[in-house]
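Me: Got a model open and want to go through it quickly. Can we start with the strands and see where that leads?

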Amino acid sequence: MYERYTAFSGDAGKGLVILSCELIDNNGRELAVCVDRHIAGWALPAGFASWVKNSCVFCSTLVDRIVPGRIRDAVAAAKIEEELGYQDKLLDVGEVFGFWVIEGPQSLAGELPFAKAGLPVIFTDDVAPYKKRKVRILNGAHTSMVLGAYLAGQNIVRGCMQDEVIRGFMNKAIYEEIIPTLPLPKGELEEFAAAVADRFNNPFVDHELLSISLNSTSKWRARVQPSLEGYLEEKGSLPRCLAMSLAALIAFYGCYIEAREENALACRRPAGDAYRVMDDAWVLDFYWQHKGSAPGALVEAVLKNEGMWGRDLTALPGLAETVKADLAIILEKGAYEAYRSCL
């Protein structure tokens, strides 16, 4: 940026439009703060700082596309590389659906004519509602569903969608418990939710539940907890499926532990498959220290852990009792029956 500023002698018309793509909230504003910090730290001219502030636009963005990982089908990979004409060791699988939201002045739509190219890009003055929609519906559906589904014997998202009980649980969570807490028009939210269901059922994407399970503590706090608290505040009762998802998280993390590894908890699900819980070290340490605790005591300890949730969740009316009851179903009858009990 400084080289450009210098080359054009600080011409105000030569500023840049910067699309920040870091996967954090308000990524454009955060990037602008970082740039200002470097300008000050490197003692660059005040004129440059003014040019960056007044002539450049830092856009916050939101991308919505599921990219589950590298291609595992060697035959398919070889065919693609043959078409490319070179070997690409970074080939990924991505879904057809794509959506990019750019926060900035509407004039950018003319300067960056993505729509004319048929690309699914929206320019808006506020990315927050779209961020909330994606995090609460798509990511919230993932996080609330997959841990219990794995314990129930499923391995990929598509398998969950083909099971009427698990799919019914997910749909109830989305349409009856998450959507009522969101600010966008109901019709728009339901249209997005229907697209999410189609995406989860994509026959070409094997999205593994264990890959989604990584760092589920912070994911549940960001993706599910706000919907649970919003529903409780608005309706005066607990959302049945979202509360059960917390019991599933506790079971997945704390009820099947066999060993503490360097970066994970070694566990084994009821079907006999070994799996690894991966999260921040302090989270893993917490569950390891509570290995062997009575289920009720484990629930109390987890819900009271303000480091996990930012507050004492036992303060939410009825939540501790509900989670204890759901965990008892998971341990006594299995996670599948816990799903069924929510319908």
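**Strands, helices and rings**

Me: Which residue in strand 7 is the bridge partner of Ile-102?

Reply: Phe-123 is the bridge partner of Ile-102. Helices (H or I, at least four residues) and strands (E, at least two) are DSSP runs, numbered from the N terminus. Residues are numbered from 1 along each chain as its sequence is written. The model is predicted, so to say: local features need pLDDT of at least 70, side-chain atom pairs count only at pLDDT 80 or more, totals for chains, interfaces and linings use all residues, and side-chain values use heavy atoms, with hydrogens and water left out.

Me: Strand 6 and strand 7: parallel or antiparallel?

Reply: Parallel, over four bridges, with strand 6 covering residues 99–103. Two strands count as paired if DSSP finds at least two bridges between them.

Me: What strand order does that sheet have?

Reply: The order is 3-6-7, in an open sheet of three strands with mixed pairing. Strand 3 (61–64) and strand 7 (121–124) are the edges, each pairing on one side only. On average, neighbouring strands are turned by 15 degrees against each other, direction ignored. Axes here are lines fitted to C-alpha atoms, for helices over the stretch in contact, and angles run from 0 to 180 degrees between N-to-C directions.

Me: What about the sheet with order 8-9-10: parallel or antiparallel?

Reply: Antiparallel, again an open sheet of three strands. Its edge strands are strand 8 and strand 10 (274–277). Neighbours in this sheet are turned by 25 degrees against each other on average, direction ignored.

Me: Which helix packs on it?

Reply: Helix 14 (residues 281–289), which touches strand 8, strand 9 and strand 10. The direction of helix 14 makes about 130 degrees with that of strand 8. Contact means heavy atoms within 4.5 Å.

Me: How many bridges join strand 8 to strand 9?

Reply: Three, between residues 257–260 and residues 265–268. A hairpin of four residues connects strand 8 to strand 9. Ala-259 stands opposite Ala-266. On strand 10, Ala-266 stands opposite Arg-276. Strand 9 and strand 10 are joined by four bridges.

Me: Switching to helix 3. Which residues are buried there?

Reply: Phe-48, Trp-51, Val-52 and Ser-55, in a helix that spans residues 46–55. Buried means under 20% relative accessible area, exposed over 50%, partly exposed in between (1.4 Å probe, protein chains only). Seen down the axis, the buried residues of helix 3 fall within an arc of 105 degrees, so they line one face. That arc is taken from the directions from the helix axis to the C-beta atoms.

Me: And on the other side of helix 3, which residues are exposed?

Reply: Ala-46, Lys-53 and Asn-54.

Me: What do the buried residues of helix 3 pack against?

Reply: Helix 1 (2–7), helix 2 (27–41) and strand 2 (57–59). Phe-48 and Thr-6 are 8.5 Å apart in space, C-alpha to C-alpha, and 42 residues apart in sequence. Thr-6 lies in helix 1 and is partly exposed at 44% relative accessible area.

Me: Rings next. How many aromatic pairs in the whole structure?

Reply: A search finds 16. One of them is Phe-286 with Tyr-287, edge-to-face, 5.3 Å centre to centre and 90 degrees between the planes. Rings of Phe, Tyr and Trp (its six-membered ring) pair if their centres lie within 6.5 Å; planes under 30 degrees apart are stacked, over 60 edge-to-face, the rest tilted. Phe-286 is buried at 10% relative accessibility. Tyr-287 is buried too, at 1%.

Me: Which residues do ring pairs link into a cluster?

Reply: Tyr-150, Phe-252, Tyr-253, Tyr-275, Phe-286 and Tyr-287.

Me: Which charged end sits over the ring of Tyr-150?

Reply: That of Arg-269, 3.9 Å from the ring centre. Arg-133 does this with Phe-192, at 4.2 Å from the centre. The test is NZ of Lys or CZ of Arg within 6 Å of the ring centre and within 35 degrees of the ring normal.

Me: Last topic, backbone. What is the phi of Ser-9?

Reply: About 55 degrees, positive although Ser-9 is not a glycine. Most residues other than glycine have a negative phi. Ser-9 is in the loop between helix 1 and strand 1 (17–19), and is exposed at 69% relative accessible area.

Me: Where does Asn-215 lie?

Reply: In the loop between helix 10 (209–212) and helix 11 (216–223). Asn-215 has a positive phi near 55 degrees and is partly exposed at 32% relative accessibility.
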